[in-house]
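Please walk me through the side-chain packing in this structure.

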Amino acid sequence: MTTLISIRSLKKYFPIHEGFLSKNTKTVKAVDGVSLDIDRGEILGLVGESGCGKTTLGRMSINLIKPTSGEIFFDGVDILKLDNPGLKALRPKMQIIFQDPFGSLNPRFTVERIIGEAMMVHGLAERSNLRSKVTEIMQKVGLPNSFMNRYPHEFSGGQRQRIGIARALSLHPRYLVCDEPVSALDVSIQAQIINLLQELQEKENISILFISHDLNVVKHLSHRTAVMYLGQIVETAPTKILNKNAAHPYTRALLAAKPSTNPKESSDHVPLSGDVPSPLNPPAGCHFHTRCPEASDRCKTEQPTPFQLEERHTVQCHLYN
Amino acid sequence: MPTRPPLLHIENLTTSFHTNDTVVQAVRGVNLHVNQAETLAIVGESGCGKSVTALSILRLISMPPGRFDSGQIKFNNQDLLSLSEAEMQKVRGNDISMIFQEPMTSLNPIFTIGDQIGEAIIQHQSATGAEARKQTLELLQKVLIPSPETRIDQYPHELSGGMKQRVMIAIAIACRPALLIADEPTTALDVTIQDQILSLLSSLKKDSEMSILLITHNLGIVAQFADRVNVMYSGKIVEEASVDSLFENPMHPYTRGLLNSLPKDDSESKLESISGAVPHPAFLPEGCAFHPRCKDAMPRCQQQPPLTNATKENTHKVACWLYEEGGEGL
Ligand SMILES: Nc1ncnc2c1ncn2[C@@H]1O[C@H](COP(=O)(O)OP(=O)(O)OP(=O)(O)O)[C@@H](O)[C@H]1O
Ligand SMILES: Nc1ncnc2c1ncn2[C@@H]1O[C@H](COP(=O)(O)OP(=O)(O)O)[C@@H](O)[C@H]1O
Ligand code: SF4
Ligand code: SF4
Ligand SMILES: [Mg+2]
Ligand SMILES: [Mg+2]
């Protein structure tokens, strides 16, 4: 396998203005120094609690948000250094599916236009063959042909998410960011969409950054998993290894917090104490030290750096270094 | 079998909403009971009628457009639907209280935490202000809010989502209700905060005789937290069982579909999924509402199957023709 996406020391700081007269600005360190690789045909799961920076990282990786600093390579090309024509040529190769199937589709467009528009813009279809191309993609994602001339409000959440997937896939992307694509859906519909994504990914060998807060879904779908806490990646490992041998205390806490669907498997773990600190004012040293059951004095002042435990298993914690 | 009669016994409850051009029956002839000191879960997908069931118990459905078409809601053997509004007011908060899915919107932004918990105490116990403050501090400690002396004078916006939900729980248990209704109490929260709230509810349950009616769509929470479970689909209870029995031997094709669609450990295999989607409540199919999605549907399914005992011990009920006399089961 070879690397398709390579992210280096990526940061995104958002300035926050306190009241409109005040000159005081604070910064939210939404993403604070992330390095990650995604291989061709790999599904990388990205998990973490709300506000930890998953969406910001995902959007930066396809150039929807400009980073504060850092580098993003797509197939060896630094996309932050590309000029406009270069970016336009790259655009269809990097696509995103959003969490909210309701908000992400234009309510005044028919399904045909929603799916077809981007293909026209990028010259992947012409008026004459648009309908047949749209039909083909709709079939691929399991949408009946009869939906072609209908509007988003006429569809259920699962159907709208299929439309979103069809729109993204119509451009034959090589890299797809899925930002919580099933979180808004009912359990019985989630399985349909997960199966669809898995099937399409295998067929087309797309690389996927799969963002979720549901560890079960990530465990099922992703080859490798990265765990994020307050703007940083604290652990990355092949999914099986992460679930069996999680090294970072936060990863272990996340796994223990997940209620098991086997009533006989009762867990008598102690819940993690405290709240996720605000990214406006993250704790010094290891960001996790205020909640970590294993924190020592060193953790309060000194930031841990990524340490490679084994091949492809990296952890950012003083316990290992 | 419980020696005492159930604390709550709902019989044949139908709650509907009437708007200009449509009638939606959100709850369609529901029977369920909650025993003393037990946790009953209601599980089901969005729109199946879980919240309307809960709000019906407390008579918090606005009428119109809402309407009770049939049924009784017996609490300690008294039909709540026959009480006057004044009598009902006494039941709310004193005997039955409720926590909601959105801790963010269910606290009043212009009053402090202390005011809001104190008010619940004063309203229901005729306590003085000083007594109420003392009790409020004790409650904040009980729901494990750090530095309660500071928090008591803060406003909701100064608290995180998890802390707001703790405050909601403090208000709900202030008068030691016999029944706590928790409608998706952790759905809006992060996994580690959800874990904290569930562990708090577990410990409160252990130290009291309180019964809990827990509404959730999370089967993990059901498995870990409830004693018994009712599965709801399109306004009806389709299966009722002890938690162990339901997870070991799910009977209704919908329940089986739900359990099978959960991601499993061997990530290689495809997930099983239920085809189609939940029907719109204004346009329900005839008979068993699940039949358009059911792999086992047969001509008889055009009629509504009753919820009947499926085991000799009367511990597992299911509403599906496969298990009626002459049916083969699965
Ligand atoms: N005030 C109302 N007017 C009209 N219809 C209503 C009203 N309240 C609820 N309904 C309808 O009743 C049905 C059941 O709603 P309910 O809120 O009980 O669902 P739920 O099972 O709690 O779903 P969720 O998991 O999304 O909370 C839905 O179809 C809903 O749209
Ligand atoms: N446009 C923005 N302006 C200011 N702050 C933002 C903006 N977008 C995101 N943030 C903040 O950055 C942090 C990370 O957000 P996000 O990436 O959306 O997290 P996640 O997807 O993990 O929930 C949060 O504290 C969020 O409030
Ligand atoms: S560095 Fe210290 S505080 Fe951070 S996770 Fe490791 S042990 Fe815990
Ligand atoms: S009654 Fe018929 S349609 Fe309904 S669940 Fe049973 S077999 Fe399926
Ligand atoms: Mg997000
Ligand atoms: Mg609800």
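This is a predicted model. Begin at B:Thr14. Leaving out residues up to four places away in sequence, B:Thr14 touches B:Gln25, B:Val27, B:Arg28, B:Gly29, B:Arg67, B:Phe68, B:Asp69 and B:Ser70. B:Thr14 belongs to strand 1 of chain B, residues 8-18. Its relative accessibility is 9%, so B:Thr14 counts as buried; the cut-off is under 20%. One of its neighbours also makes a polar approach: the backbone nitrogen of B:Gly29 is 3.0 Å from a polar atom of the B:Thr14 side chain.

Now the rings. Over all chains, the structure holds seven aromatic pairs. One of them joins A:Tyr229 and A:Phe288, edge-to-face, with 5.1 Å between centres and 85° between planes. A:Tyr229 sits in strand 9 (residues 224-229) of chain A, and A:Phe288 in the loop between helix 9 (249-257) and helix 10 (297-301), so the pair ties together parts 59 residues apart in sequence. A:Tyr229 is buried at 2% relative accessibility. A:Phe288 is buried at 1%.

Turn to chain B. The ring centres of B:Tyr233 and B:Phe290 are 5.2 Å apart and the planes meet at 85°, so this pair is edge-to-face. It links distant parts of the chain: B:Tyr233 lies in strand 9 (residues 228-233), B:Phe290 in the loop between helix 10 (253-260) and strand 11 (308-309), 57 residues apart. Both B:Tyr233 and B:Phe290 are buried.

Back in chain A, A:Tyr229, A:Tyr250 and A:Phe288 make up one aromatic cluster.

Charges meet rings too. The charged end of A:Arg113 sits over the ring of A:Phe109, 3.7 Å from its centre. B:Lys205 lies over the face of B:Phe225, 4.6 Å from the ring centre.

How values were computed. Residues are numbered from 1 along each chain as its sequence is written. Chains are lettered from A and ligands numbered from 1 in the order in which they are written. This is a predicted model: local features need pLDDT of at least 70, side-chain atom pairs count only at pLDDT 80 or more; totals for chains, interfaces and linings use all residues. Side-chain values use heavy atoms; hydrogens and water are left out. Helices (H or I, at least four residues) and strands (E, at least two) are DSSP runs, numbered from the N terminus. Buried means under 20% relative accessible area, exposed over 50%, partly exposed in between (1.4 Å probe, protein chains only). A polar contact is a pair of N or O atoms within 3.5 Å; within protein, one must be able to donate a hydrogen and the other to accept it, and residues adjacent in sequence count only if both atoms are side-chain atoms. Contact means heavy atoms within 4.5 Å. Rings of Phe, Tyr and Trp (its six-membered ring) pair if their centres lie within 6.5 Å; planes under 30 degrees apart count as stacked, over 60 as edge-to-face and the rest as tilted. A charge sits over a ring if NZ of Lys or CZ of Arg is within 6 Å of the ring centre and within 35 degrees of the ring normal.
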